[in-house]
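Welcome, and thanks for taking a look at this one with us.

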Amino acid sequence: MDKETSYDDRHALPPPLMAAVEKFDAWSKKQLLVEQNAATPTVPLYHYTGEEALVGILRHEKLWCFSHLHQSDPKEFEYSLAGALDVIRQVGKSEDFWVRHFCGCLEDMLVTNGLASPFDFYLFSLSRHRDDAGQWRLYGKNGQGFAIGVAPLLLQPDTDVLSSQANENLHIGRVIYGDRETNARHRQVIRKAAAITSQVARRNRQWFDLVRPVPYLAAMAREVLASQLIWNCLTAKESKFANEREVRGIVMGVRDRFDLHRKMLGTRAYIEVPLLLRTPGGIAEIFVGPEAPADAEGKVRALLKAEGYTDSIPVIRSSAVI
């Protein structure tokens, strides 16, 4: 969940004011580490898909991650974004000049641009459901598809260093559901950022004779968007979706870093993210959908053999009732 910074006003700020950005960044990294640890799987996660995608995934060891702008539900992120705006407006009802104007700046950025920014975000979905009728209906070709059980060892946060290849910077985020948890997470971030913005500004009033407040507020607002708020919006859904038990793979980075990797499927932008499935133990099992043809298990075993996978990977017919 690290970010690359070549996009904002921070380099124009004097060091005493930059301290606010750096202080929030340090807090943010600790907070995101807590979330990353909570999301790190200890059991396999399942990617439900169709036959053509299964063949491509096993053959190339890559998953397609679609842009957040081109998800199946084009309004998917409006829920969490609306919650973030409500929280920003609540926190912004303050008599503190800096808190009020920081929240106003952050609100303006979100209202004007939504989640659009100098960053791109690409996502794919996994589920904690091992063999679930709802997942088969929605994502497994109505029971005629397959589910790859991705072992935990392939989904560990094993490095803090960003790859030079933007499509390799994969992070795993557990989706949270419902207003209470979603807004509580937004509130924690907004209050912390507002408090730091105010504290550093009040300690360094003399600098604002030389520097306008706007670049300072904008730098802090962009820091919050880049390091926390966008991530929170990408990993929250309405409570009615809670049974999906979704875990998201998310790749974030500065937009132009994806130019070499971005591809199009019709009007939908996507990138291919490497996932080393041939790693011993990388695939825990593969489920065959309950409505798949009778010879589907044999075809999957033949595919695994042809692509150099171990013959010890279990291939199991689903027992779900569609």
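For the class counts below, Ala, Val, Leu, Ile, Met, Phe, Trp, Tyr, Cys and Pro count as nonpolar, Asp, Glu, Lys and Arg as charged, and the others, Gly among them, as polar. With that in hand, the lining of the largest pocket splits into 14 nonpolar, 11 polar and 15 charged residues. Please keep in mind that this is a predicted model.

**The largest pocket**

- The space in the largest pocket comes to about 1200 Å³.
- Its lining is made up of 40 residues, and those nearest the centre of the pocket are His47, Tyr48, Phe66, Ser72 and Tyr139.
- Two or more lining residues come from each of these elements: strand S1 (45-49), H2, S2, strand S3 (119-127), H5, strand S8 (246-254) and strand S10 (268-274).
- H2 gives the largest share of that lining, with six residues.

**Glu61, a loop residue with positive phi**

- Glu61 sits in the loop that runs between helix H2 (51-60) and strand S2 (62-67).
- Although Glu61 is not a glycine, its phi is positive, near 55°.
- Is Glu61 buried or exposed? Glu61 counts as buried because its relative accessibility is 15%, and the cut-off for buried is under 20%.

**Asn142, a loop residue with positive phi**

- You will find Asn142 in the loop between helix H5 (133-139) and strand S4 (146-150).
- Asn142, also a residue other than glycine, has a positive phi near 55°.
- Asn142 counts as partly exposed because its relative accessibility is 42%.

Conventions. Residues are numbered from 1 along each chain as its sequence is written. This is a predicted model: local features need pLDDT of at least 70, side-chain atom pairs count only at pLDDT 80 or more; totals for chains, interfaces and linings use all residues. Side-chain values use heavy atoms; hydrogens and water are left out. Helices (H or I, at least four residues) and strands (E, at least two) are DSSP runs, numbered from the N terminus. Buried means under 20% relative accessible area, exposed over 50%, partly exposed in between (1.4 Å probe, protein chains only). On a 1 Å grid over the protein atoms alone, a cavity is a set of points where a 1.4 Å probe fits but cannot get out, and a pocket is an open set with protein on both sides within 12 Å along at least five of seven lines; lining residues have an atom within 4 Å of a point. Grid points are joined across faces, edges and corners, and a volume is the space filled by probe spheres set on the points.
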